[in-house]
Amino acid sequence: MRAEDKNIVDVAKKPVQLYHHGPLGRVLQRFLQERGERQDFDRVALEQLWQRAAAHDPAIGLHLFSLFSRQDWHVLACLGFYARNAAQSIASWVRYQRLASSLDAITQIETEELLGVAIRVHASVGLERYLVEHYMSMAVTQMRAAAEQPLQPARVCLRHAQPDYWQAYQPLLGEQLVFGAARNELWFKRTDLLRPNPGANDGMYELATSELDRRLAQQRRFGGAAGQVAEQLRQGLLAGHVPSLEEIAAQLHLSPRTLRRRLQDQQLNFRQLLDLVRAELDQYLALQGLTRAQVAEHLGYGDTAAYLHARKRWVTDSGSTQAK
């Protein structure tokens with residue numbers, strides 16, 4: 001092995017950063033601001049946000065989703081309204097949850113009479129409890145709204161110990177609660193989940209899932225060297241700087257030639273990866289309320305026209321990639 005191929009130990013041991021996407025941090029901030037908290041919060045530091053919110057409402061994990069407006073709902077929650085039934089909605093959650101958060105692992109579980117999900121959050125015990133409470137509240141609320149009936153879980157298993165506010169679980173999650181369980185599980189009667197949703201729409205469901213499949217395929221490409229480069233590009237672009245391949249290679253303690261070769265092994269080149277990250281951040285920055293001119297500046301374009309021209313290329317390139 002050539003010396004230029006060797007990573008420094010510190011780089012190899014750098015922990016993988018996990019993120020929660022979407023409006024969760026923003027809604028927590030809004031909750032705190034309404035109660036007099038005026039500080040700025042790091043959106044990645046979700047645990048700190050939850051702890052501050054819990055000082056006002058210990059059961060905030062169960063109650064936060066009720067503060068979400070429909071504009072705050074993640075696309076997966078909206079997708080459930082087009083699903084044929086709640087069972088299809090659960091299957092969509094399992095398939096696409098990586099688009100919502102890299103903190104979580106959602107798997108489908110079933111018996112002859114029951115169907116549900118197991119939820120694992122790769123975080124501290126405290127943060128896991130808040131997020132599991134939130135996810136279960138969100139799932140039940142969404143499925144009830146889509147089914148237009150009071151869908152009730154058959155059983156709920158939770159890894160954390162029974163909290164003082166345990167009775168707050170019952171209105172939404174029912175009375176069949178098991179605390180200190182081996183894993184977090186949300187179970188429903190299979191017959192309840194197979195009841196048709198009044199607003200089911202196969203065409204809209206197919207249209208939405210085709211786009212989600214495209215995004216999922218794009219996300220899965222960000223592994224190995226491509227994932228490391230993508231992370232450096234995200235950090236640079238969000239700071240208003242477009243890192244070069246040479247800069248990123250130096251950060252990763254590789255030669256530019258070695259980095260190019262590793263990207264080629266993943267059937268990518270630096271420009272393609274830069275476009276993928278720009279397309280990803282384009283949506284993120286727009287959702288933060290930035291104007292097109294501000295988004296263009298963040299993504300490294302000198303004027304809005306060049307940015308809009310590039311956006312067309314991203315759409316064309318991603319469409320051709322999906323066709324392959």
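Mentor: Strands pair if DSSP finds at least two bridges between them. Here 7 bridges join S1 (residues 104–110) to S2, and the two run antiparallel. S1 and S2 form a hairpin, with 3 residues between them.

Trainee: Before we go on, what kind of model is this?

Mentor: It's a predicted model, where local features need pLDDT of at least 70 and side-chain atom pairs count only at pLDDT 80 or more, while totals for chains, interfaces and linings use all residues. Residues are numbered from 1 along each chain as its sequence is written, and side-chain values use heavy atoms, leaving out hydrogens and water.

Trainee: How many helices and strands are there in the protein chain?

Mentor: Helices (H or I, at least four residues) and strands (E, at least two) are DSSP runs, numbered from the N terminus. The protein chain has 16 helices and 5 strands.

Trainee: In what order do the strands of the sheet come?

Mentor: The order is S1-S2-S5-S3-S4, in an open sheet of 5 strands with mixed pairing. S1 and S4 (177–179) are the edge strands, each pairing on one side only. Gly116 stands opposite Trp187 in S5, and Leu115 has Phe188 as its bridge partner.

Trainee: Why is S2 called largely enclosed?

Mentor: Buried means under 20% relative accessible area, with a 1.4 Å probe and protein chains only. In S2 (residues 114–121), 7 of the 8 residues are buried, so the rest of the structure largely encloses this strand. Across the protein chain's 324 residues, 44% count as buried.

Trainee: And which residues are buried in helix H3?

Mentor: In H3 (residues 46–56), they are Leu46, Leu49, Trp50, Ala53 and Ala54. Seen down the axis, these buried residues fall within an arc of 135° (taken from the directions from the helix axis to the C-beta atoms), so they line one face of H3.

Trainee: How do I describe two helices packed together?

Mentor: You give the angle between their axes and the distance between the axes. Axes are lines fitted to C-alpha atoms, for helices over the stretch in contact, and angles run from 0 to 180 degrees between N-to-C directions. H11 (residues 224–238) and H13 (residues 256–265) pack at about 120°, with axes 8 Å apart. Where they meet, Ala225, Ala226 and Val229 in H11 contact (heavy atoms within 4.5 Å) Leu259, Arg262 and Leu263 in H13.

Notes
Buried < 20%, exposed > 50% of the residue type's maximum accessible area, 1.4 Å probe, protein only.
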